[in-house]
Amino acid sequence: MDEQEFVQLLEGLLQPDTERVKSATGILNKNYYTSPASLNALLQIVSSHQKKELRQLAAVEARKLVSKHWQKLPTEQKASLRNQLFQATLNEEVTLARHSAARVIAEIASMDLEDGEWPELPSYLQQACTSPTARHREVGSYIIWTTLESVGSEFPGEPSDLYKLFSQTIQDPESVEVRVNTMLALSRLAMLFDPEEDPKSLKMFQDTVPSMVAVLKATVDEGDEDHALQAFEVFQTLLGCESALLSKHFGDLISFMSELASTTSIEDDFRSQALAYLMQCVRYRKLKVQSLRVGESLTLKALQIVTELGDLSSEDEDVTPARSALGLLDILASSLPPSQVVIPLLKALGPYFSSQDPDFRQAGILALGMCVEGAPDFIATQLHEILPMVLHLLEDPELKVRAAALNGIARLADDLAEDVAKEHARLIPAMVKNFDLAVNNLQAQNDERNLAVIRGSCHAIDSLIEGLDPEEAAQYVPELVPRFSKLFHHEDFKCKGAAIGAVGSIASASEKAFLPFFPQTMQELAQYVRIKESQDDLDLRGVVCDSMGKFASAVGAEPFEQYVLPLMEASEEALHLDHPRLRETSYILWSTMAKVYEEGFAKYLPGAVKGLEHCLDQDETGLEVELGKEASDLVGAEVVLHGRKVKVAAATDDDDDSDLNEAALDEDEWDDIGAVTDVAMEKEIAAEVYGDIITHTRREFLPYLEKTVENLLQLVEHSYEGIRKAALGTLWRTYACLWGMAEGDGMAKWTPGLPLAVQPPNELKKLGNLVMTATMSIWQDEMDRGTVTDINRDVAATLKLCGPAVLLLENDKEVVTEMTQQLLSIITKRHPCQQDLGDEGDEEILEESSEYDWLVIETALEVVTCLAVALGSQFGELWKIFEKPIAKYASSQESAERTAAVGTIAECVGNMEAACTPFTSGLLKLLLHRLSDEDPETKSNAVYGMGLLCEKTTNDAEIQNALPQIFAKLEPLLDASDQARLLDNTAGCVSRLITKYPNKVPIEEVLPRLVQLLPLREDYEENKPIFSMIVKAYQANNPTVQQLTPQLMVVFEKVLSPPEEQLEDDTRAQLIELVQHLRK
């Protein structure tokens, strides 16, 4: 081997000459790196060359060759090289070269330890770590960390020896590097840790946590950015490890990070890191955070930090403490109960809204907006207090406060459109006033503050108008459309897009009232349908396409017909413009067109199906990402990053001064991974759009159905939860659509119970089997609560619509038992989606829930109800399992939980009919108690349930004994004139009692009061028992009912008039016959 040429070639790699580097690389790879001698030569250079750059480069190159050549070197030579390299690394003065050499040692160690060689290494490292020379300690601790990365649990010796050493090095008196290296090494140990197998190590690890916090604090205090970020990352990593590691100090850690985030004297980057850590705590340790009851203090601290925001510029997307604090508020509201976040926030907002400081007023409304999505139900109950404050802020003298108020309205309306829209008469004029002021005061194209108000007004009206009835929205069309149309050609792309989007929503909300403005609007926007010169053009084209879809929904098929073909052609072209958002817009347009034209969309199906198939077929393994050397065992494998599978390529080192993840990614590569999210989200949209197209084109889609079902089934276990939800949702919609078609073709209506009385066609059976099997495969272990919620909804809706057929798999194997276990685990809060990361489900069950956590349970209760619908009297066996956990919610402190539980009990009783008899005593007692509930909805459900229990049970003796008590509870309810549903259910309950026990109820007293409650105002379902009872009373020639005929004739006339949904067909027929009889 020509050593002189070898060194010259290496020096060539250091030159800023691309051709020379390329040439040198080729010669090295071809002539030198194929031989073990090259590794020996490189290690000699690392150990003794004069030039630091060459030592560094040789270490990087040597590390690549260790796995290839180390074992081929002679034993004596290896022993000499180890000692040389170790000593040289200890004495290396240049940090980068030292780290690169240390990683070579770690690489050699990973091979030697596997082969039972280099037994002296642990004692060398022990000596280095306890050396009086700081640099030796730095090298020793660095090698331990990097070797742990490489070999993991194969590291020689007992873990207790390492913990003992680390308890000293974490407190190194001289070197921050030693302290941080120790933290990094501890984080590697944490990843390997099993608390059940090694309780001794658990205690030793927990004892190091305060010292780790001290290291982080010191790096922050000294403004040592590199080491501080490494320390922060260690704490982030520990959140993904066994929860027991941090449990002892978790509350203290949250307090420390919270204080750090609130301290304005330290660097913003550190504060943002602390807030990011708190967000991860809430995400991964939600139950622990909730049990510590720190939600309120975190909320109030975050609110204070938001006051630092300054001007809210849409162009400025830098991470700041204030922006991070808004993110923390968002995740707090969606993860913790309202009592810990939203209630304290609302209590704190008064002084913020009335503050003299505009930063506080802005912070208040922005913070409120961030919390709406997480707790919409609670905030809806507080709107009567919130909206007057928001209206006041819309007239604030400060432009940025008004912009923030518009942002707040948009967020409120996004989640509470109908509730907020009730105040449209006050809100819309106030928003128009802001819009007009900003347009008139616009100084120049870059007048960002006025532009923010213009965009904000458009966005707020866009969100709000969707909550209005068409008649209400219609009154604003002449006022808003001409205003916003003036911005269609504005220089600011975002203003233009906001105005076009708002007009789309105005059209959607006002429907036919938009027709007079439709041709002109289409003409003005036509120029944007094909624009593609820049990224801004493509963004705007997407907004225009969205809005045109809304125009089609508003004006209907015929007026829009002339625009369909050019728009479909443009949408197909958009698939090839390398813009994921624009592709999504095309799919959504197809969905809208299918809804508008239904079977008439058939001529566009070949192109639409082809586009959607291509989307779902996109290769998610094409992106190769270089990770650090510690991921070498993943090379060639696939990992998931941002929702997309990514193939891992071997690492190529250039410098090794790395952090915990040591990801050798430049900014462009990270951008590629960012686009990963776009691909996953695009597939999610495509899967949802399939559902819309299938259900609206029906038979026309059948030629494409088999392939589509096949493609969707492949997505059910996708790594991205959005795709899992969309694929399953569309599969269930497809099943329901085919079921409806089969019934239309003459299949008999299903009846409750198993075995099936009505057999569906074989193709339908096969599809049901595939979809239910796919659902059961992920329901059990799904970690994402939103996915579980959607599965619950899908299964409930299908059982209600299609009956028990889906409960049978191949060979008549039923899934009822397995489904019951899934539902029980959710109702008792033991499902994986209700646990913290890493917990086994044996932790204390917390009483309170966030609204989204409760939604998982509430939708599981819907499945229980629909199981009762599908099984009928056979459900009595399952009620033995469900009764106790559901009854527990019926006595919850939360009114929403009581309402849902009592409603579930009522529906189950009604559907299992006489099978409820064995449970009569317990249910009677529970429902009697809830008849006095303070919550009107719970009380209403209890009244409904009581009527059904009395009607369905055969335990008449017990009910008859309770009649005086029941009527005593019902009588006060008759005075609740402002609660329509409660009165409707009371009328239904009393009617059922009269029908069941005509001789036990004082009809002459009760019936006149009941007739005063008619006609029903809300719950039309109760018309059936009411009019059935009245018809029977006439048939029995009851004198009381005959005396009430004049009043009842007025009632009959009203219920036989529109709206049609007041009466079911058989009830209507009975009434018509009765009226004809009475008129004779």
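Modeller: On a 1 Å grid over the protein atoms alone, a pocket is an open set of points with protein on both sides within 12 Å along at least five of seven lines. Its volume is the space filled by probe spheres set on the points, which are joined across faces, edges and corners. The model is predicted: local features need pLDDT of at least 70 and side-chain atom pairs pLDDT 80 or more, while totals for chains, interfaces and linings use all residues. Residues are numbered from 1 along each chain as its sequence is written, and side-chain values use heavy atoms, leaving out hydrogens and water.

Biologist: What volume does the second largest pocket have?

Modeller: Rolling a probe the size of a water molecule over the atoms shows where empty space is left. For the second largest pocket, the computed volume is about 1,200 Å³.

Biologist: Which residues of its lining are closest to the centre of the second largest pocket?

Modeller: Lining residues have an atom within 4 Å of a grid point. The second largest pocket has 41 of them, and those closest to its centre are Glu907, Asn911, Tyr944, Leu948 and Glu1021.

Biologist: Which helix gives the most to the lining of the second largest pocket?

Modeller: Helices are DSSP runs (H or I, at least four residues), numbered from the N terminus. Elements that each supply at least two lining residues include α41 (851–871), α45 (936–952) and α47 (980–996). Also among them are α49 (1023–1035) and α52 (1065–1079). With eight residues, the element that gives the most is α43.

Biologist: How many charged residues are in the lining of the second largest pocket?

Modeller: Asp, Glu, Lys and Arg count as charged, Ala, Val, Leu, Ile, Met, Phe, Trp, Tyr, Cys and Pro as nonpolar, and the others as polar. The lining holds nine nonpolar and 14 polar residues, while the number of charged residues is 18.

Biologist: How much space lies in the second largest cavity?

Modeller: A cavity is a set of grid points where a 1.4 Å probe fits but cannot get out. The structure holds four cavities of 30 Å³ or more. In the second largest cavity, the space is about 60 Å³.

Biologist: Which element gives the most residues to the lining of the second largest cavity?

Modeller: The residues that line this cavity include Val529, Arg541, Cys545 and Leu567. Two or more of the lining residues come from each of α31 (535–555) and α32 (557–574). By class, the lining has seven nonpolar, one polar and one charged residues. With four residues, the element that gives the most is α32.

Biologist: Is Val390 buried or exposed?

Modeller: Val390 lies in helix α22, residues 383–393. Buried means under 20% relative accessible area and exposed over 50% (1.4 Å probe, protein chains only). Because its relative accessible area is 0%, Val390 is buried.

Biologist: Which residues does Val390 touch, not counting those up to four places away in sequence?

Modeller: The C-alpha atoms of Val390 and Ile409 are separated by 7.6 Å, although the two residues are 19 residues apart along the chain. Contact means heavy atoms within 4.5 Å. The residues that Val390 touches are Ile365, Ala405, Ile409 and Leu412.

Biologist: Which side chain is joined to that of Thr695 by a polar contact?

Modeller: Thr695 is found in helix α35 (residues 667–697), and its relative accessible area of 18% makes it buried. A polar contact is a pair of N or O atoms within 3.5 Å, one able to donate a hydrogen and the other to accept it; residues adjacent in sequence count only if both atoms are side-chain atoms. A polar atom of the Thr695 side chain lies 2.8 Å from the backbone oxygen of Gly691. At 3.2 Å, the side chain joined to that of Thr695 is Arg733.

Biologist: What value does omega take for the peptide bond from Leu754 to Pro755?

Modeller: Most residues other than glycine have a negative phi, and most peptide bonds are trans. Pro755 has its place in the loop between α37 (721–744) and α38 (762–779). The bond from Leu754 to Pro755 is cis, with omega near -5°.

Biologist: Where is Pro1059 found, the residue reached by the peptide bond from Pro1058?

Modeller: The peptide bond from Pro1058 to Pro1059 is cis, with omega near 0°. The place of Pro1059 is in the loop between α51 (1045–1055) and α52.

Biologist: What is the phi of Asp578?

Modeller: Asp578 is found in the loop between α32 and α33 (580–597). Asp578 is exposed, with a relative accessible area of 67%. Although Asp578 is not a glycine, its phi is positive, at about 55°.
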